[in-house]
Amino acid sequence: MNFDRRDFVKFGLGLPFASASARANGFFARPPREPAGERVLIILQMTGGNDGLNTCIPIEDDLYHRARPRLRIPKESAIRLDEHAGLHPAMHRLAEIYKNGEFAIIQNVGYPQPDRSHFRSMEIWHCGSTDPARADSGWIGKLNDSVDGGGRGAAALHVGSTELPLSLVGGRSVTPSLTKLDRALLAAGAAGAALAQTASVHRESKQSAWLARQASAAYEFSAKLKSAAAAGRTNVNYPNSPLAKKLYTISQLMNAGFDARIYYLEIDGFDTHAGEAQLHTLLLRELDESVAAFWKDIRSMHRERGVAMLMFSEFGRRLRENASGGTDHGAAAPVFLLGGGIRAGMHGDPPDLAHLDDGDVTMKIDFRRVYASAMRDWLDVDPSPVLDGAFPSLPLFS
Amino acid sequence: MTGPRDGGVLMEPFVPSDANPFDAAAAAHLLRRAAFGPAAPDELQRIAESGPAEAAKSIVRAPADRALEELDAMFDAIASADSIESLRSWWLLRMLRTKAPFREKLALFFHGHFATAHRKVQSARAMRAQAELFIEHGGGGFVLLTKQIVRDAAMLVFLDGAKSAKGRPNENLARELMELFTLGRGNYHEADIREAARALTGWRVDGPSAHFHAPSFDAGEKQIFGRRGNFNDNDVAELCVAQPACAKFVARKLLVFYVMPEPQAPFVDAFAKTLADEGFVLSRALELLFQSNGFYAAEARKCNIKSPVEFAVGLLRSLGGRVSGAALARAVAEMGQNLFDPPSVKGWDGGRAWIHPATWLARTNFAFEALGRGGPLEREFDAEEFVASDRRNANSADRALELLLQNGVAPDVREPIRRLEAAGLGGARAMLHAVVCLPEYHLN
């Protein structure tokens with residue numbers, strides 16, 4: 001098989017999972033601070049449009065309580081965070097982590113001229129651009145393209161059984177995806193070597209050349225996973241939820257020394273047009289239990305200063321509840337950040353419910369500033385090839 | 001043929017010539033796109049001999065396969081459990097066995113177009129009724145299908161139509177009807193959605209069926225696309241399909257599914273005209289597409305990445321042999337296509353989104369199991385016998401490449417595969433595995 005020997009040398013040593021040329025190009029030019037070379041960014045996508053107003057609740061704002069006679073979370077039920085905001089009662093574990101200084105809330109995040117279509121809005125978040133002409137690849141894909149020779153290994157990993165999210169699609173780079181470790185090992189018997197050999201043959205057709213590149217990356221990925229699967233177990237008990245299973249897989253990989261810099265996973269179901277009270281509680285509970293278990297695990301590995309998790313949704317939801325006991329598509333919403341090396345607490349003002357954008361929370365912080373901060377201040381990479389414009393950092397990382 | 005860009009010519013009948021013959025490769029192209037690929041060498045030969053028009057006609061007009069009723073009855077007998085696993089198995093086995101694969105393929109298109117997910121609907125019977133609507137009526141009129149889908153039980157649950165009522169309309173169904181089912185973004189206003197949502201009220205879902213509940217219907221006047229009336233759901237479907245944007249929107253989606261990932265505007269316009277001229281009757285429009293210059297153009301060949309269902313069903317149809325439907329359903333899910341549970345109302349993105357290292361490994365590992373005996377797929381297949389059954393060609397690796405790929409591959413690719421065959425015991429399985437794991441095999 002056509003492995004790059006350098007990848008094997010790096011693997012298991014806790015060094016970045018990218019080619020030597022990538023390092024020379026600057027992706028890893030500055031050694032990460034703590035612990036060296038092991039800083040990891042996890043992106044948790046809350047698919048469907050999370051109701052930010054019922055997650056980080058403006059408990060002191062009468063406009064909130066009046067607009068949601070049925071769905072409002074009363075002041076006394078919410079977990080108070082400061083003089084304005086309370087967390088949804090299902091999130092008591094994350095509230096604890098917030099109080100321990102390892103959880104941040106960034107208020108009113110969105111983009112100009114909000115689009116209420118799931119697909120367009122998610123596309124904007126995925127591509128890190130509001131320009132439809134830049135919707136062919138995702139922000140992490142572009143990041144990989146800018147640092148990688150293209151197609152040789154990946155700095156990112158998608159954990160989930162869904163299609164690869166657009167955010168990870170690159171023009172040249174390949175991001176693998178998996179749910180369970182043992183399902184991604186090549187079963188080929190005698191044909192194994194022939195598979196790799198036939199995939200490595202040069203091809204004229206664009207589509208078959210592209211497929212062949214994916215196939216080669218897959219065979220390489222399988223070989224790397226074989227080593228990771230052999231190592232790594234944890235003592236922390238995870239809840240029995242789909243999200244927890246994915247986070248457990250990430251923990252196993254990290255524990256085994258798998259050196260992806262970015263992990264990407266999703267929790268779906270936030271499109272709460274109807275019956276939101278019950279549905280949203282279940283979702284936030286799954287989020288709270290799973291992320292808290294994962295965080296306990298990360299702490300037990302003493303990796304908490306090297307791991308940050310960013311949680312976002314494509315949009316928030318309308319202030320006014322609808323007649324089906326739900327809420328319709330909205331605009332700006334809070335983004336959440338978990339980590340031992342972050343500036344915890346509340347970033348930005350509470351949502352200004354007196355000045356709405358067509359019924360929805362108005363954007364105050366462009367989401368690309370959040371991305372730029374994560375790239376510049378956490379991953380130590382230059383965000384300029386990824387984002388179309390200058391986006392100054394927010395003070396999110398310590 | 002590189003094909004002129006003039007849209008009119010693209011939809012004109014393809015006339016074979018010495019330079020562009022209607023050969024085995026062309027016949028296989030048609031069978032892969034309109035159906036699930038050639039099932040046996042004689043099918044390929046029969047299609048190639050009949051010429052483009054007759055070939056398209058025989059595939060598109062194949063009568064519903066009555067033999068499948070046995071399968072339906074079997075499903076009915078066990079469906080009391082309302083099991084989605086059985087339903088997935090039912091549909092895949094239909095695709096494997098049918099003599100009218102065009103219908104199942106078109107139903108697969110509509111399953112991605114009017115995408116509805118069981119995880120929210122929570123009724124396998126309602127999902128089955130929807131699939132049967134696509135299989136029975138997919139080739140009929142698109143207007144009728146749209147009318148049926150906005151009062152389809154599974155759809156009403158999936159997009160909250162069942163919760164929408166007079167005085168408290170829910171916009172979800174109306175929005176997706178315009179954005180994803182008929183018109184596309186930019187071809188309607190928010191006000192059209194709000195008004196259409198009122199017109200779509202009045203439907204209630206009870207188990208697997210929907211019924212009209214007059215008191216919940218908003219019978220008042222609505223204004224949609226500038227027209228006023230006391231519109232109901234049927235009117236909304238008609239109004240949407242009558243919008244000029246609809247033919248192009250549907251034509252483009254059909255071309256992406258059946259012909260190429262990025263059809264040029266002239267092709268879309270020409271096919272949209274065909275679609276409109278044929279009164280949105282899909283079987284008629286597709287029969288014309290399947291004998292057109294645009295369909296057989298060089299740039300339309302081998303350019304679509306097979307979906308997991310196309311790959312798995314196509315492979316099993318050409319290999320033959322027993323397979324467990326339930327295990328097959330799990331396998332295609334692992335490759336990224338969990339039937340009856342598309343990732344969103346937008347369906348599957350398809351194309352390159354199908355492929356990443358894990359889904360590629362799921363494909364190679366499925367193929368390995370499919371070429372063996374027993375295993376999770378409960379296969380009854382003998383690779384040695386499959387290879388031995390045809391000795392007309394001296395070299396069975398070459399024969400397998402011809403049978404499964406219909407065209408020459410580069411010598412650099414051919415050589416390692418020939419060597420596998422020579423390796424002795426288990427050589428046939430390894431050789432066939434290497435053939436179906438070639439990137440070229442995953443292109444339609």
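This briefing covers a strand, a loop residue, a pocket and the cavities of one structure.

The model is predicted: local features need pLDDT of at least 70, side-chain atom pairs count only at pLDDT 80 or more, and totals for chains, interfaces and linings use all residues. Residues are numbered from 1 along each chain as its sequence is written, chains are lettered from A in the order in which they are written, and side-chain values use heavy atoms, with hydrogens and water left out.

**Strand S1 of chain A**

- Strand S1 of chain A spans residues 40-47; strands (E, at least two residues) and helices (H or I, at least four) are DSSP runs, numbered from the N terminus.
- Eight of its eight residues are buried, meaning under 20% relative accessible area with a 1.4 Å probe and protein chains only.
- A:Val40, A:Ile42, A:Leu44 and A:Met46 point one way from S1(A). A:Leu41, A:Ile43, A:Gln45 and A:Thr47 point the other way.
- S1(A) runs parallel to strand S9 (residues 307-312) of chain A, joined by six bridges; strands pair if DSSP finds at least two bridges between them.
- A:Val40 has A:Val307 as its bridge partner in S9(A).
- Seven bridges link S1(A) in the parallel sense to strand S8 (residues 262-268) of chain A. Here A:Ile43 stands opposite A:Tyr264.

**A loop residue in chain B**

- B:Glu278 sits in the loop between helix H15 (265-277) and helix H16 (282-289) of chain B.
- Its side chain makes a polar contact of 2.9 Å with that of B:Arg284. Such a contact is a pair of N or O atoms within 3.5 Å, one able to donate a hydrogen and the other to accept it; residues adjacent in sequence count only if both atoms are side-chain atoms.
- Beyond neighbours within four places in sequence, B:Glu278 is in contact (heavy atoms within 4.5 Å) with B:Arg284, B:Ala285 and B:Leu288.

**The second largest pocket**

- A pocket is an open set of points on a 1 Å grid, with protein on both sides within 12 Å along at least five of seven lines; lining residues have an atom within 4 Å of a point.
- The second largest pocket has a volume of about 370 Å³. Among its 14 lining residues, A:Asp115, A:Arg116, B:Arg175, B:Tyr188 and B:Glu190 are closest to the centre.
- Ten charged, two polar and two nonpolar residues make up the lining.

**Cavities**

- In a cavity, a 1.4 Å probe fits but cannot get out.
- The structure holds eight cavities of 30 Å³ or more. The largest cavity has a volume of about 160 Å³.

Conventions: Grid points are joined across faces, edges and corners, and a volume is the space filled by probe spheres set on the points. Ala, Val, Leu, Ile, Met, Phe, Trp, Tyr, Cys and Pro count as nonpolar, Asp, Glu, Lys and Arg as charged, and the others, Gly among them, as polar. Buried means under 20% relative accessible area, exposed over 50%, partly exposed in between (1.4 Å probe, protein chains only).
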